[in-house]
Amino acid sequence: MASEALGSVGVFVAILGGTLRGSVPFLFVSLGECLTEKSGKINLGLEGTLLTGAMSAYAVSFLLQGKLGSGLAPWIGVMASGLAGLCLGFIHAWLSQQRRVNDIAVGIAMIIFGSGVAFFLGKSFIQPKAPQLPTLDLGFWSTVPAVQSALKISPLFLFGMALAPVMHWFFRSTRWGLIVRAVGDSPDAALAMGISIPKVRMICIMVGSLFAGIGGSGLSLYYPGIWSENISSGQGLMAVALVIFARWNPIQCLWASLFFGGAQALGPALQAVGIDQGRYLFNAIPYLLTLVIMVLTCSPRKTLTGAPGALGEKS
Amino acid sequence: MFFTQTNWRPITEGICIPLGSLVLALVLFGVFVTILGNNPLTVYEAMHQTAFGNWRTFQGTLLRAAPLMLTALCTALPARMGLMIIGNEGALVIGGLGAVITGLLLSYGNLTPSLTATPTELSPLLIQLSMALAGILFGGAWIGIVGALKHYRGVNETISSLLMNYIAIALLNHLVEGPLKDPRSLNKPSSFAIPEPFMVGNIGDTRIHYGLIYGIIACLVAYILIQRTTFGFAARVAGGNMKAALVSGLPVGKLTLVICFLAGSCAGLAGMVEVAAVQSQANSSLIAGYGYSGILVAFVARYNPIAAAMVAILLGGIINSGGTLQRNFNMPDATVLLFQGLVFLVVIYSESLYGRFGWFRQSQSQ
């Protein structure tokens, strides 16, 4: 292995590569959750959306490769994952705005329903190999294979990186952004402005869910680039916690996603250089990290700075 | 609980709406069944046959209902206090680990006995009780952490308990591949097995183990605790109106910690039952989804422990029929998961229906 020869530099390169690859789902899900929560609703079900997105992207890419060729098919797959996200988002938005319905409960149900749909419809796609999204080889300048493979970046990652500042600008400087923030911070004021709160929340939850679905396509069509039933293992959920850590700021969601991608890459990177002791414990690092961050950032007494005012209130 | 002349209509509502939502979920499920090219009616008939058709298959249903009753309490008890805890799967795994560790230590004196080691002469009852106690303590401590994080740091209990599931599973994988590993388990890394005489036995000449009795007792005790004691009353007050509870001087922090411990101990006991009555060793078979299904049971039962015991039997039947669906209809193993998701969504929607139908209101004139 090339990374073994590089020693500690090899670990660093492997972590860097793993960070760039592994942060894609975190990034999309956290941006989607950020948009949802800015409108005052919580969507815990993005874990299910991520899985359904991954499955639909893989299935569509596999089914269309004959008709469209393996260049275009994965991109249609990405669109399909977004569409799947929109549908699940609609269910969540509609249900969570019913009378006496708790959006946390809807989220739990959507995790089970989303994974159920993904595994049920995706059973026949576990074996075949679907065409993958192309990657941009930013490591062309290096002769070391480890560096080259670490810097194979997905266009999805670049898209997500661009999306974060755009969302930041959207919230800060546009009329629509102001409307979303008003609905999330002070529904009464929004109502006085003549805004339809259910409509705004419906759109925000659906678009947020669309992002999460696209994040799922990153899992199945980029890294790890397969469709299997344990492909996500809680990344959608961690991304929800990550939004709290990022203080509902899209730019900070980007940094936090990179951080989590790195934490997740630690275990495999150490394994690649032969440190195999306690690899399952290393795999638990992202979950522990999420817990620790929540312990550090939460407070029993006051609401968090940056939290939308109406977040989690009964509608 | 009891019908009187004036309250029978609201009680009928409480029975009709959940039943109606189950029927609606079955109809929606039929749509998915049709997509895969099966006739929904034949599938329903086969599910009913496997789940409740005859005594032999019904035993399988009860076997699955036993852990579900216990894991359901892990969500139902804190929910009465307004806490949404979904760490059932993790607490079950930790309880199972606690039970297997205790069982091995008591019967062999160490965790990795040599292959020729003979178990001790201790009474099986003592060892079973110790394993149950270990499951209760381990599971209780596990969800107790969630309660402590909630109380002392304001950490959202739903997210933290769900994260703890993944940590518990990582811990299980680590232990059965490392310190606890039985070298004979190659394909599926497992701990050493608890000796046969110390396992929890079956009731009479059935296939049903005593875990079902544990489950029923736990549900009864939980019902009495929540509905008939000062502690339960205080917890329900805090769940109904936290501000009122604080103003009236209820020890909300203590209540949170105790109810989380009790919740976790129920799921931990479910882990003990799975280890000491079914699997005999700790391995990845512990992660069979009983934790997640327990959440659904608690929801459908509207957090009522007695109702949870009954819903557990119903859902146990659905899980039991999963094998038949795979074998006879060539449906994916996730079919049961999908069905559970549909039931969950419909039941949540049905919450908004309470009070919408005028017929169910009790008549004002009397």
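Analyst: **From the whole chain to one helix pair**

In chain A, 78% of the contacts between residues at least 6 apart in sequence join residues at least 24 apart; two residues are in contact if their C-beta atoms, placed from the backbone, lie within 7 Å. This is a predicted model, in which local features need pLDDT of at least 70 and side-chain atom pairs count only at pLDDT 80 or more, while totals for chains, interfaces and linings use all residues. Residues are numbered from 1 along each chain as its sequence is written, and chains are lettered from A and ligands numbered from 1 in the order in which they are written.

Chain A holds 13 helices and 2 strands, which are DSSP runs numbered from the N terminus (H or I, at least four residues, for helices; E, at least two, for strands). The C-alpha trace of chain A spans about 65 × 50 × 35 Å along its principal axes. Of its 315 residues, 56% are buried, meaning that 20 or more other C-beta atoms lie within 10 Å of their own; 12 or fewer count as exposed, and values in between as partly exposed, with C-beta atoms placed from the backbone.

Now to where the chains meet. Here 38 residues of chain A are in contact with 36 residues of chain B. On the chain A side, α4 (103–122), α10 (235–245), α12 (279–283) and α13 (285–297) each supply at least two residues, and α4(A) gives the most, with 12. That side of chain A divides into 26 nonpolar, 9 polar and 3 charged residues. Ala, Val, Leu, Ile, Met, Phe, Trp, Tyr, Cys and Pro count as nonpolar, Asp, Glu, Lys and Arg as charged, and the others, Gly among them, as polar.

Finally, the close look: a helix pair in chain B. α7(B) and α12(B), residues 305–320, pack at an angle of about 155° with their axes 7 Å apart. Axes are lines fitted to C-alpha atoms, for helices over the stretch in contact, and angles run from 0 to 180 degrees between N-to-C directions. The two helices are therefore roughly antiparallel: angles over 145 degrees count as such, under 35 as roughly parallel, 65 to 115 as roughly perpendicular and the rest as oblique. G215(B), I216(B), C219(B), A222(B), Y223(B) and I226(B) of α7(B) meet P305(B), I306(B), A308(B) and A309(B) of α12(B). By class, this contact has 9 nonpolar, 1 polar and no charged residues.
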